Amino acid sequence: LVPISEARASGTQLFKCRWVLKKKYGSTGEVSRCKARLTAMGNTQRPGEHYDENATYASVISYSSLRFMLSLGCASNMRLDIADVKLAYVQSFLDRTLYMSMPEHFKDPTKALRLIRSLYGLKQSGALWSQCMKEWLFSLNFKRMCSDPSLYVCEWDSSETSTAPGPDPAGATSNAVPAGAASGTGPNGTGSAGAGSKKERVIVGVYVDDLTILSSSDAAHAWFDANLRQRFPVNPAESRRVLRRSSTDHAGPGQPETSGTTAQEPYGTGWILSARIEYDQEAGVLELDQQQAIEKLAKKYGVDKWNKLPQCPLHPGSALTHVDAAELPSEEYLSIIGSLLHISQVSRPDISHSTGLLARFGSCPSMQHHEAALRVVAYLYSTRDRVIRYQRHADRDQRDIPYILTYQAGKDDLHVFCDAD
């Protein structure tokens, strides 16, 4: 809080802010908490003065990279965890001095707010947070994948360890950094693992403030988790090990549920991008579905009340044609298509063709197109219990996992069909 005279003397125009109220829902759809967040009104920022127009982009992990992570983790018998960083955008510092007007209900014409850290709503917030996360992962000797800038990998030889820079949050050795990552046998070095040593690996996928973490062992995860909690505040309610509960693992009333491997370690169903993940690591089975998102979409448009539900996305033989003038507002139609695109790319590839076809008419939709889009929603609702299942094969050599598409005669026949060109 500073005098408004300071803001005026800097020559920087004040931009506005507002309160954003939101309800957060739990895994079963109930309201878990209500949030009030003070956000900047980015539409009142001036390019060149408040932010650089070329520094507002922030990458997130792609859907295909996320599915690859899940399939690789299941095939390689890796531990799967999810973590949610609290107030992620506020963790990064601004690259310039910014002044903001007082929020609603705080009417003092002589005062203004000088921002020290980034704030939700700023044009550059996403880019600053992405840069902050990237620099922190690089400090732990992670490497960023060329195929996806939001996918990071760290490998090291577990035969040796050295103390990581900075204090140990637990005062013990949980912050020990792998020697391979620090001194030549990890991702930044050129050495090779010693005889009898084990290669440890941690893979991190970043989607804004949500982290998907694959670890080759509990020790590897403990090292990363200790460093993560030392650097960023983590939301305990939305951070857990993804592991299917057995009938004997349920805790009693008032007791936390534990996985049986680490005391007081929360575990259970994982939620990533509105998708539910069930992972039985011992059996080598991972299932991915979006049943809750589909039910919410169907309820929004009244499809759940339909007496008869279709068994295919589009009507066989239907011909969708362009119209000269839109017969309904394009916003509602595009909202349906956007939801279908998200679901198709995460867990339901069976509607990809239908959704892509309907997306062609977004600029000028007709009632025919709208009814066809609702039919796809109805089809999803009738088949909402379908899942993508990844299953580990016991006879597959673990050394072949990085080359999972390698042709093996008599085992994994790959059939390809193509046209003339």
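Seven strands line up here in an open sheet with mixed pairing, and the order runs S7-S8-S11-S12-S4-S13-S14. The model is a predicted one, so what follows describes a prediction.

Helix H3, residues 125–139, packs on this sheet and touches S7, strand S8 (151–157), strand S11 (199–207) and S12. The direction of H3 makes about 10° with that of S8. Helix H5, residues 218–231, also packs on the sheet, where it touches S4, S8, S11, S12 and strand S13 (240–242). For H5, the angle with the direction of S11 is about 45°.

Now for the pairing itself. In general, strands of a sheet are held to one another by backbone hydrogen bonds, in a parallel or an antiparallel sense. S8 and S11 are antiparallel and share seven bridges, and in this pair Val153 sits opposite Ile203 of S11. S11 in turn pairs with S12, again antiparallel, through six bridges. Ile203 turns up here too, this time standing opposite Leu214 in S12. S11 and S12 make a hairpin with two residues between the strands, and in it Val208 takes a positive phi near 55°. On to S4: its pairing with S12 is antiparallel and covers six bridges, with Thr212 of S12 as the bridge partner of Ile82.

There is also an open sheet of three strands, ordered S1-S6-S5 and antiparallel in its pairing. S1 and S5 are its edge strands, each pairing on one side only. Strand S1 (residues 2–3) is joined to strand S6 (residues 111–117) by two bridges. Within that pair, Val2 stands opposite Ala112 and Pro3 stands opposite Lys111. Strand S5 (residues 93–100) runs antiparallel to S6, and four bridges join the two. Phe93 has Arg117 of S6 as its bridge partner.

H6 supplies the largest share, with six residues. Sorted by class, the lining is made up of 18 nonpolar, 15 polar and 17 charged residues.

Mean pLDDT for the chain is 82, and 79% of the residues reach 70 or more. Residues 161–195 have pLDDT below 50, and beyond near neighbours in sequence this stretch has 70 contacts in the model. Residues 401–410 are below 50 as well, with 12 contacts beyond near neighbours in sequence.

Notes:
Residues numbered from 1 in each chain as written. Predicted model: local features only at pLDDT ≥ 70, side-chain atom pairs only at ≥ 80, totals over all residues. Heavy atoms only, no water. Nonpolar A, V, L, I, M, F, W, Y, C, P; charged D, E, K, R; others polar. pLDDT = per-residue confidence, 0-100. Contact = heavy atoms within 4.5 Å. Pairing = 2+ DSSP bridges. Axes fitted to C-alpha atoms, helices over the stretch in contact; angles between N-to-C directions.
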